[in-house]
Each structure stands twice: as structure tokens, then as C-alpha cells.
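Work through the two exercises below with the model open. Each has a task and a stepwise solution.

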Amino acid sequence: MTAVFRAERVSDTEVLREAGELVRPALRDAVAGLHPWLAELAAYSFGWCEGAEAGGKGVRQALAVLGARAVGADAGAGVPGAVAVELVHVFSLLHDDIMDGDTTRRGRPALWKAYGTGPAVLAGDALFALAVGTLADVPGGVRLLSGALADLMRGQADDLLFASRPWTGPEAVTPEEYRVMAEGKTGALLGCSLALGALLGGAPRPVVAALDRAGRHAGVAFQLADDVLGVWGRPEVTGKPVGGDLREGKKTYPVLTALASPEGDRLHGLLRAPGRTAEAAALIEAAGGRAAALSEARAHLTAARTLLDGLPLEPGAAAELGALLDALADRER
């Protein structure tokens with residue numbers, strides 16, 4: 001497969017659109033090979049019936065395509081990696097919705113609500129198996145994907161266990177534990193996307209590993225930005241009510257850092273009191289929780305940029321990659 005991206009610099013939105021146009025036919029072909037019923041469930045999961053991608057903007061598939069281009073290969077070289085990571089991403093969303101009890105995704109019933117829990121689990125398993133099969137003939141591809149998946153599952157396990165830990169005291173979740181969780185849950189697959197694209201593009205192992213690390217840093221920044229939106233985001237942007245994460249009692253980075261401040265005891269009381277979400281959000285911001293999360297996000301983006309700057313990458317693709325990584329932490333758009 002050959003594909004040509006424009007040589008001049010384009011916006012992150014254009015990069016996402018062009019990557020989607022390149023990857024979507026291969027993704028649909030892969031899903032079409034499933035059992036017809038499973039293909040129907042998968043199509044619903046991807047939002048193809050409504051003409052929208054249920055997995056979001058396609059960041060992961062764009063990273064795989066840019067990973068290939070950045071090491072001097074044709075954009076099409078990264079397509080198998082893009083397909084694999086997109087399949088895994090949607091698989092993780094299907095299981096996340098079941099574990100979290102989320103009944104809607106992207107403004108419509110989650111798959112488990114529309115078809116049942118059993119079919120949703122089976123569809124997720126099918127997408128996972130399909131992702132592995134997509135990389136079966138790529139030397140080192142399955143190893144890279146399986147490593148990222150192991151880290152993703154560790155991060156997901158930590159995230160679930162955080163819910164049962166206390167807000168304060170020796171057993172409380174620390175900001176460092178949260179960073180490790182975020183790298184696994186969110187960063188591992190972003191790093192894998194970049195690394196797979198580079199691997200398929202013929203890059204040497206040190207470059208593949210460095211791009212993996214850059215993607216993981218960007219993933220942590222992405223999660224931190226998501227935490228900020230979970231407390232202060234606008235519903236028209238997030239699709240969620242204001243302060244949703246606080247009402248659900250999520251132990252996010254802004255909350256954890258604010259709890260470690262002199263206002264921690266007062267905040268602890270507000271978090272335990274129903275109906276005081278707005279007061280808690282204001283106190284978290286006053287205690288520096290929002291600023292700390294944004295500062296940490298910037299630090300991880302800087303780390304990702306530093307890694308990219310130290311690699312012999314194709315300049316145009318590297319610029320587009322940098323813009324896309326920056327956009328991951330600019331979630332207000």
C-alpha cells in the first residue's frame with residue numbers, strides 16, 4: 001500500500017483526518033473477517049452505523065502512521081500497527097464500560113447495554129484476538145503489543161484498586177502511584193502505537209524504544225489533562241456533567257495533590273459530603289491541585305519532546321507528531 005501525506009505542516013486535526021482515511025479501509029476489512037454477528041457488534045462499537053468513530057478521534061492510529069513516516073517510511077507501512085492498536089483500544093473500551101458500569105458511550109448506549117454483557121465481552125475478546133492476528137507476520141510486533149497490553153492491564157488493575165483505598169493515611173494513593181497507573185492505563189498503548197509504526201517502518205530498536213517512551217510520556221499528559229476536565233471541564237466539550245469525577249469519588253491527580261496540601265483535612269470532609277462538589281472543586285483549585293496537574297502534564301510533554309528531538313526523524317513528520325502530542329494535553333477543543 002502506498003500513501004502520500006502532504007509535505008507541508010498541517011494541523012493536528014488534519015493529521016487525524018488523513019490518518020483515519022488511510023487506516024479505515026484496512027480496519028473495516030479486518031473486522032469483516034470476523035463471525036458475522038461479531039462483525040455486527042464490532043461495527044456498533046466503532047460507531048460505523050452512525051458514521052462516527054466510537055473510539056474517539058483516532059489518535060492511536062495516527063500515531064502509528066506518523067511513527068512510520070517519522071522514520072522515513074511510507075505512511076502505509078504503519079497501517080497494520082494502526083489497525084492493531086485501534087482494535088485493542090476499542091476492546092479496552094468495551095471492557096471498561098462493563099467494569100465501570102457506564103451505560104453510555106459517545107451519546108448512545110454502550111455495547112453491553114445495547115446487546116448484553118455476554119456479547120460485549122465476546123466482542124471485546126474477538127477484537128483482541130484480531131489485533132494479535134494482524135501483527136502475526138510482523139517480526140517483533142506481537143511482542144511489542146503484548147508488552148503494552150500487560151502494562152495496560154496493570155494500570156487498569158491499579159485504577160480499580162484505587163477506588164477501595166482511603167483518601168488519607170498511610171494507605172492513601174500517592175501522586176507517584178497515580179503517575180505509574182496513568183502510564184500503564186493510558187500511556188502504554190500510545191507508546192505502542194508510535195513504536196509499532198516505527199518498527200513497521202524499519203527503524204532500529206533504539207529508535208523504536210525511544211518513540212515508545214515518548215508516547216508513554218504523552219499518555220500521562222493526556223490522562224492528567226483528562227483529570228482536569230473531569231473536575232472543571234465544560235459539559236459541551238467533555239459530554240459529562242461538571243464535576244463528574246468528584247461525584248464519582250475518583251482519585252485523580254488534582255485531588256491527590258490537593259489532599260497533600262495544608263487544605264487536605266478540609267477537602268477530605270468535602271469529598272465525603274454529598275452535594276458539595278462545587279465547593280470541593282474550588283478548594284482543590286485553591287490548594288493548587290489544578291495547577292499541579294497542568295504542570296505535571298507539561299513536564300511529561302517536555303520529556304516526550306526531548307526524546308523526539310534526540311532522534312534522527314523526518315522533519316515534516318516529526319513536526320506533525322509534535323503537534324499531535326501537544327494536542328493530547330489541549331483537551332478543551
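**Exercise 1.** Determine how helix 3 and helix 16 pack against each other.

Solution. Step 1: in this predicted model, helix 3 covers residues 59-70 and helix 16 covers residues 315-328 (helices are DSSP runs of H or I, at least four residues, numbered from the N terminus). Residues are numbered from 1 along each chain as its sequence is written. Local features need pLDDT of at least 70, side-chain atom pairs count only at pLDDT 80 or more, totals for chains, interfaces and linings use all residues, and side-chain values use heavy atoms, without hydrogens and water.

Step 2: the angle is about 155°, with the axes 9 Å apart (axes are lines fitted to C-alpha atoms over the stretch in contact, and angles run from 0 to 180 degrees between N-to-C directions). Helix 3 is therefore roughly antiparallel to helix 16 (an angle over 145 degrees).

Step 3: contact (heavy atoms within 4.5 Å) involves residues including Leu-63 and Leu-66 of helix 3 and Leu-321 and Leu-324 of helix 16. The contact residues divide into 10 nonpolar, no polar and 2 charged (Ala, Val, Leu, Ile, Met, Phe, Trp, Tyr, Cys and Pro are nonpolar; Asp, Glu, Lys and Arg are charged; the others, Gly among them, are polar).

**Exercise 2.** Find which helix gives the most to the lining of the second largest pocket.

Solution. Step 1: helix 7 (141-162), helix 8 (175-200) and helix 9 (205-232) each supply at least two lining residues (a pocket is an open set of points on a 1 Å grid over the protein atoms alone, where a 1.4 Å probe fits, with protein on both sides within 12 Å along at least five of seven lines; lining residues have an atom within 4 Å of a point).

Step 2: helix 9 gives the most, with 5 residues.

Key
Angles under 35 degrees count as roughly parallel, over 145 as roughly antiparallel, 65 to 115 as roughly perpendicular and the rest as oblique.
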